[in-house]
Amino acid sequence: MSEMNIREIRNVPVTSPTEAQWEAQAARQQREMGGTVDQVFSSRNMGEAVRRLHQKRNEEERRLLRTVWHPANIVNLMPFPLNVNGVLHARLAGPDGNQVPECPVGKRFVRKVIRDLQWDVRDEGAGMDNVDNYTPVIWFPMDLAHDYEREFLDRMGVGGVIIYEGKQEPEGPEFEKMLENARKARNRWLLRKVQEAEADCADSSGRGR
């Protein structure tokens, strides 16, 4: 900015934002920084782009009436909670703030059931009419459950996590076999972590003393 411009504006009075302006700014930031489709694209934020989004969602909901989908089960044998970083996954958090609780010592497992589908939104960019184009995206329970599988089984390799679809309780010979395999995999992972910690301690103390 040039010196002339600075002189021109230096005596301009600056007023503090009103409460309404702060609230409007906070609402704008909430819309732009993310949230679930219900939060960001609610009727309170209604415009042509949002109106079209709700129309698409209504069409998808009619299609869902002919779609069969089931709850998803996440069985946790690990001594720590299972949390996946995501706006939709955060909805699954319980009173303690965790999505899938840890398995206490002495307990066989804990189970989290995801019963409801979730809605997300995909930004398709502006159309020829210069109106933003948003598409509703359905996340079925197993879609969410598979993210725990990818995070803790595929990426971390903890082993002590079981994912399955359906309303049935975790019981029966087939489940017992899955549970035993998960228990062995969990124990191998925990043992490896103990060995890694002992090796790190030895290195940091200088030849293990």
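Predicted model: local features only at pLDDT ≥ 70, side-chain atom pairs only at ≥ 80, totals over all residues.
Colleague: Why is Asn98 called buried?

Modeller: Asn98 has a relative accessible area of 17%, and because buried means under 20% relative accessible area, Asn98 is counted as buried. Asn98 lies in the loop between helix 5 (87–90) and strand 2, and, leaving aside neighbours within four places in sequence, Asn98 is in contact with Pro81, Asn83, Leu92 and Ala93.

Colleague: How do you know that strand 1 and strand 5 pair?

Modeller: Strand 1 (residues 72–76) and strand 5 share five bridges in the antiparallel sense, and since two strands pair if there are at least two bridges between them, strand 1 and strand 5 count as paired. Within this pairing, Val75 stands opposite Ile162 in strand 5. Strand 1 and strand 2 also pair in the antiparallel sense, over five bridges, and here Ala72 stands opposite Ile114 in strand 2.

Colleague: What makes strand 2 and strand 5 stand at the edges?

Modeller: The three strands form an open sheet in the order 2-1-5. Strand 2 (110–114) and strand 5 (161–165) each have a single partner strand, so one side of each is left without a neighbour in the sheet. The twist averages 20° from one strand to the next.

Colleague: Which strands does helix 6 touch?

Modeller: Helix 6 (residues 141–155) packs on the sheet and touches strand 1, strand 2 and strand 5, while its direction makes about 160° with that of strand 5.

Definitions and conventions. Residues numbered from 1 in each chain as written. Heavy atoms only, no water. Helix = DSSP H or I, 4+ residues; strand = E, 2+ residues; numbered from the N terminus. Axes fitted to C-alpha atoms, helices over the stretch in contact; angles between N-to-C directions. Contact = heavy atoms within 4.5 Å. Buried < 20%, exposed > 50% of the residue type's maximum accessible area, 1.4 Å probe, protein only.
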